[in-house]
Amino acid sequence: MTNRTTWPVVRVLRDRDAGLYLSGVVVSGFGTSALWLASGVWVKDLTGSDGLAALCVLALWLPTLAGPLLGTLADRVRRKPLLIGLNLLLGALLLTLVAVDAPGDLWLLYAVLVVYGAAGVVHDAAESALVATAVDPTLLGDFNGLRMTANEGMKLLAPTAGAGLYAAYGGASVALLDAATFVLATGLYAALRVREEKPAPPTGSRRERTAEGARHLWAHPVLRPLVLAGGATMLCAGLNGAMLYAVVDDLGRSPAYAGVLYAVQGAGSIAVGLLSGTALRRLGERRFAAFGIALLALAVALRAVPSDLSALVGSAAIGAGLPAVLIAALTSVQRETPDALLGRVTATATTLVYTPNVVGLAAGAALVELVSHRLVLVALGVVLLVTAALLRPPFTGVGPPSAGVSPSSRP
């Protein structure tokens, strides 16, 4: 029986499959984060256009809109072979980028990024579904928190490494690095010891099968409020992110100071990832998410104060508060969804939660030119507090809410 007093990192790494999964997240996350930065710089160097460089991010994010459809693939076949196949596909696809060395070749880069984004949606859905099957249910909260920690850690380290590699050897070298990480991740997934039954033949039309994930989310009393709160939170997070350089200007700092605030925010996310498993067990998913959103609300409003200390504390608190609803929603999806639907439900939840972030970034980019950023930040803080209040379940005084906490609640 798992000792619940053991530090979450040790608990997860003692589980062989969980440790392999986490290693795969670290390896592939490093390559993805390095390519994410280098692709934009690559386009900027070739064309001198900020707009064309920004299209790299759009190309990666665009397939998320098709999440409900793409997620059906993760329910049609066994997930382990699918993950292996996707990693090999992306590794081979990235090798084609060695041919990009002139503006006329950029269509290839954009095409690869779109496929990369689409494969990422399927990959995340399949991985989430397989994790729910292969990892001890009592470790799901810890694993998802540590996955967040690993991703944030890679965001701190990989862009610097990618930028250095790009400066020394060019964009093709970063693509080759990313391809190598996918090959290594393939080996880690191949080493998993998991038995999967062959999925039952699909029934109904493709449209009906695609809609099943959305229907499950909307009808489920635990998942619906968490996913809706996640989407609202990410919309506000996008608007807040668009205010960053206005905050930096208000401090009288150079634009490079944004990197310091990003690093502090990443450190906050790493910390909450390490603690999330314990927090989920003690509070339950909804209360943990509500507390995180409330912390985010206070942190965003604090950014309106033109002070270095306020900016740094606010950034750390944003990093700690924002992941809570994301971790809670994913863990609940894994626990509350039948295995046959898990790929579709995960991909649909991802679309509903993360698409508002892109909308928020776009709206914020326009809003920051028209309205005082301080007013926007305070308003966002109020909206987030209302979101947290609506999500938080009534306090009964009898321990954490049961929904989604006990492994026995998972079908």
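Asp-339 is partly exposed, at 35% relative accessibility, where partly exposed denotes a value between the limits for buried (under 20% relative accessible area) and exposed (over 50%), computed with a 1.4 Å probe and protein chains only. The structure is a predicted model, in which local features need pLDDT of at least 70 and side-chain atom pairs count only at pLDDT 80 or more, whereas totals for chains, interfaces and linings use all residues. Residues are numbered from 1 along each chain as its sequence is written, and side-chain values use heavy atoms, with hydrogens and water left out.

Asp-339 forms a salt bridge with Arg-79, with 2.9 Å between the closest N and O atoms; a salt bridge is here a side-chain nitrogen of Lys or Arg within 4 Å of a carboxyl oxygen of Asp or Glu. Because Asp-339 lies in the loop between helix H15 (308-336) and helix H16 (342-367), and Arg-79 in helix H6 (residues 79-95), the pair ties together parts that are 260 residues apart in sequence. Helices are DSSP runs of H or I with at least four residues, numbered from the N terminus. In contrast to the partly exposed Asp-339, Arg-79 is buried, with a relative accessible area of 5%.

A search of the whole structure gives 11 salt bridges. One of them joins Arg-253 and Asp-308, whose closest N and O atoms are 2.9 Å apart. Arg-253 is in the loop between helix H12 (244-250) and helix H13 (257-283) and Asp-308 is in helix H15, so this pair connects parts that are 55 residues apart in sequence. Both residues are partly exposed: the relative accessible area is 38% for Arg-253 and 28% for Asp-308. Salt bridges with shared partners also join Asp-75, Arg-79, Glu-212, Asp-339 and Arg-344 into one network. A further salt bridge is formed by the side chains of Arg-16 and Asp-17, at 3.7 Å from N to O. Asp-17 is buried at 9% relative accessibility, while Arg-16 is partly exposed at 36%.

The aromatic residues were examined next. A pair of aromatic rings is described by the distance of the centres and the angle of the planes. Rings of Phe, Tyr and Trp (its six-membered ring) pair if their centres lie within 6.5 Å, and planes under 30 degrees apart count as stacked, over 60 as edge-to-face and the rest as tilted. The structure holds four aromatic pairs. Among them is the edge-to-face pair of Tyr-21 and Phe-143, with 6.2 Å between the centres and 75° between the planes. Tyr-21 belongs to helix H2 (residues 16-47) and Phe-143 to helix H8 (residues 140-169), so the pair ties together parts that are 122 residues apart in sequence. Tyr-21 is buried, with a relative accessible area of 0%, and Phe-143 is buried, with a value of 1%.

The rings of Tyr-116 and Phe-182 also form a pair, which is edge-to-face because the planes stand at 70°, with the centres 5.7 Å apart. This pair links distant parts of the chain, Tyr-116 being in helix H7 (residues 106-134) and Phe-182 in helix H9 (residues 171-190), 66 residues apart. Tyr-116 is buried at 7% relative accessible area, and Phe-182 is buried at 4%.

Helix H11 (residues 223-242) comprises 20 residues and reaches 29 Å from its first C-alpha to its last. This span is close to the 28 Å expected at 1.5 Å a residue, the expected value being 1.5 Å times one less than the number of residues. Helix H11 is largely enclosed by the rest of the structure, because 14 of its 20 residues are buried.

Gly-360 is located in helix H16 and is buried, with a relative accessible area of 0%. The C-alpha atoms of Gly-360 and Cys-236 are separated by 6.5 Å, although the two residues are 124 residues apart along the chain.

Notes. Helix = DSSP H or I, 4+ residues; strand = E, 2+ residues; numbered from the N terminus.
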